[in-house]
Amino acid sequence: MSLKIVVLAKQVPDTRNVGKDAMTAEGTVNRAALPAIFNPEDLNALEQALRLKDAHPGSTITILTMGPGRAAEVIREGLFRGADNGYLLTDRAFAGADTLATSYALATAIKKIGEYDIIIGGRQAIDGDTAQVGPQVAEKLGLTQITYAEEILNINEETKRITVKRHIDGGVETVEGPLPIVITVNGSAAPCRPRNAKLVMKYKRALGAQEKVAITKDGATLPYAEQYEKLPYLNITEWSVADVDGDLKQCGLSGSPTKVKAIQNISFQAKESKTLTGSDKDIEGLIVELLENHTIG
Amino acid sequence: MNNVYVYLEIEGQTVAEVSLELLTEGRKLANQLGCQLEAVAAGSKLDGIEKQVMPYGVDKLHVFDAPGLFPYTSLPHTSVLVNLFKEEKPQICLMGATVIGRDLGPRVSSALFSGLTADCTSLEIGEYEDKKAGKVYENLLYQIRPAFGGNIVATIVNPDNRPQMATVREGVMKKEILDPNYQGEVIKHDVVKYVPETDYVVKVIDRHVEKAKHNLKGAPIVIAGGYGMGSKEGFDMLFDLAKELHAEVGASRAAVDAGFCDHDRQIGQTGVTVRPKLYIACGISGQIQHIAGMQEAGIIISINNDPNAPINTIADYVINGTVEEVVPKLIKYYKQNSK
């Protein structure tokens with residue numbers, strides 16, 4: 001049984017490696033100083049998809065992402081590791097979306113893709129840590145969901161049911177659900193395989209339309225321009241709201257019930273503190289003080 | 001109508017700690033808003049469940065008792081809340097930021113088109129002015145959480161959509177019994193009217209839940225290590241100190257990500273929240289997500305060779321030194337001076 005798999009992936013700022021220059025002098029986030037990466041748990045999800053493709057020859061993997069033109073990078077990375085194609089949802093109308101408007105956009109695009117057995121993505125993205133988009137996409141598509149998945153154990157081709165091991169609070173659980181289904185994958189699942197050298201050679205020049213515009217904007221010619229006509233797989237498809245028949249009211253800011261009332265930049269309130277050195281005298285003095293005031297017993 | 005709701009997470013016949021904590025928080029919000037606190041219990045064999053929750057000040061408990069409602073699966077519990085909320089129109093709904101709450105919350109919010117904020121660290125009531133629309137909203141729920149990798153703290157509101165939904169991690173709020181004899185109403189609902197048979201599509205084949213290996217949350221002394229511990233071997237030195245002080249060992253996300261210790265010891269916004277009387281931070285720089293999980297500690301000691309580490313600004317004692325040097329000395333002088 002060949003499967004149609006859609007992998008939901010997001011390009012995120014690498015918030016785990018926030019350096020000193022990540023905040024501007026005014027105290028706002030300096031996005032330019034943060035490298036953009038493939039959301040880590042989405043890579044765990046991609047690996048589960050690739051394993052299904054290995055086990056079920058003839059299956060196809062489609063990467064679906066939403067973001068600015070440079071987010072085509074995520075699709076290229078997916079192609080390098082074994083995905084078959086990808087779509088970049090990109091439109092100014094998507095800007096400012098909260099999780100609900102994001103899942104509306106993704107669900108609309110998935111309907112446009114049309115055929116799917118499994119929709120799989122990371123449990124959450126590291127720039128928001130909300131874990132909301134997976135279940136909300138499932139609800140919008142009227143599908144059931146299995147979140148916090150650690151491993152897809154098998155698919156019964158006759159009953160069209162999938163068995164998944166998942167993380168729960170304080171333990172693990174094995175559950176079985178019907179296809180089509182939405183699955184979100186936990187970071188404790190198997191890490192993603194590395195890029196495949198042959199696929200890197202094949203797809204290294206793959207570009208989205210906005211990336212091509214960026215290359216040629218100062219009058220430069222697009223290198224290897226003729227290849228993009230000869231080899232259609234080098235053109236990463238971009239979709240706007242109109243391309244997926246989206247309702248503008250449900251996209252971006254206007255489709256977002258949550259509003260940001262205030263943003264406070266972090267500046268810790270200093271409290272009076274004693275500064276000690278690592279010397280024997282200082283450490284012994286501290287221990288004696290803590291013993292005397294019964295902080296330690 | 002228009003009340004504050006708490007979804008009760010139930011393992012077998014036991015209501016989860018996080019749900020009791022949210023009842024106390026929900027009671028506080030309901031008092032401020034002048035409305036009632038209601039709770040939803042969905043599970044199997046729930047006779048007498050009200051005894052666990054009424055003392056927290058629940059005015060109305062909605063019980064959904066059916067064999068298919070335990071163990072938890074997504075669709076039936078979603079239907080319970082969505083269909084109940086369509087009738088009752090709550091203004092606020094709180095649930096734990098647990099695996100279950102984070103599976104259920106987004107699904108309910110999507111079905112009701114209501115805003116949901118995950119992992120709130122604080123909830124308040126206040127007003128909001130939409131300058132564009134020239135509209136002022138009274139008595140909104142401020143959902144406060146660190147965002148963008150913890151570099152900012154955002155206050156989120158849901159001006160137009162109800163319920164205003166928020167998830168909160170275990171240990172963030174404090175549970176407090178309001179009145180051991182509090183008399184609330186118990187309403188037993190007919191589950192079939194709320195949950196269609198087609199919802200029971202996911203089968204739980206096998207399930208292992210273990211008691212937690214440690215008591216990080218309740219420990220009076222916590223020793224936490226960060227990336228500055230350098231290695232797993234370096235990190236293990238904290239267990240020696242913990243043994244002496246009868247403390248528990250925690251870690252920052254960076255230390256967990258680096259594989260220095262198990263994920264279940266992570267302290268911070270996406271881990272455990274602790275309120276020990278003494279917190280010793282070893283080689284932890286102190287990102288806001290980490291601070292969010294320990295800032296209410298009584299006394300904070302920071303051991304760091306970077307005098308500018310952010311955590312030093314909230315520490316009562318800052319030891320400028322390397323952990324390799326200081327931790328063995330703490331053990332040595334504790335042994336010498338105790339007893």
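In β17(B), which residue is the bridge partner of Leu278(B)?

Tutor: The model is a predicted one. In β17(B), the residue bridged to Leu278(B) is Ile299(B). This pair belongs to the pairing of strand β16 (residues 278-282) of chain B with β17(B), in which 5 bridges hold the two strands in the parallel sense. Strand β17 itself spans residues 299-304 of chain B, and 5 of its 6 residues are buried, so the strand is largely enclosed by the rest of the structure.

β17(B) also pairs with β18(B); these two run parallel and are joined by 4 bridges. Within that pairing, Asn304(B) has Asn320(B) of β18(B) as its bridge partner. Strands of a sheet pair through backbone hydrogen bonds, in either a parallel or an antiparallel manner.

Strand β18 (residues 317-320) of chain B runs parallel to β14(A), with 4 bridges between them. One of the bridged pairs is Leu276(A) with Ile319(B) of β18(B).

Chain B is split into domain 1 (4-201) and domain 2 (221-337). The centres of these two domains are separated by 34 Å. Their contact draws 8 residues from domain 1 of chain B and 9 residues from domain 2 of chain B. The domain 1 side of this contact has 2 nonpolar, 4 polar and 2 charged residues.

Another sheet of chain B deserves a description. It is an open sheet of 7 strands with parallel pairing, in the order β7-β11-β6-β1-β4-β5-β12. β7 (116-120) and β12 (185-188) of chain B stand at the edges with a single partner strand each, so one side of each has no neighbour in the sheet. On average, neighbouring strands of this sheet are turned by 20° against each other, direction ignored. Within it, strand β4 (residues 37-43) and strand β5 (residues 60-65) of chain B are paired in the parallel sense over 6 bridges, and Ala41(B) has Val63(B) in β5(B) as its bridge partner. Helix α1 (residues 17-33) of chain B packs on the sheet and touches β1, β4, β6 and β11 of chain B. The direction of α1 makes about 175° with that of β1(B). Helix α3 (residues 74-88) of chain B also packs on the sheet, touching β1, β4 and β5 of chain B, and its direction makes about 150° with that of β4(B).

Taken as a whole, chain B has 9 helices and 18 strands. Its radius of gyration is 22 Å, close to the 20 Å that the globule rule gives for 339 residues, so chain B is as compact as a globular protein of that length. Buried residues make up 55% of the 339 residues in chain B.

Note on methods. Residues numbered from 1 in each chain as written. Chains lettered and ligands numbered in written order. Predicted model: local features only at pLDDT ≥ 70, side-chain atom pairs only at ≥ 80, totals over all residues. Pairing = 2+ DSSP bridges. Rg over C-alpha atoms; globule rule 2.2 N^0.38 Å. Buried ≥ 20, exposed ≤ 12 C-beta atoms within 10 Å, placed from the backbone. Axes fitted to C-alpha atoms, helices over the stretch in contact; angles between N-to-C directions. Contact = placed C-beta atoms within 7 Å. Domains from an automatic or database assignment. Nonpolar A, V, L, I, M, F, W, Y, C, P; charged D, E, K, R; others polar.
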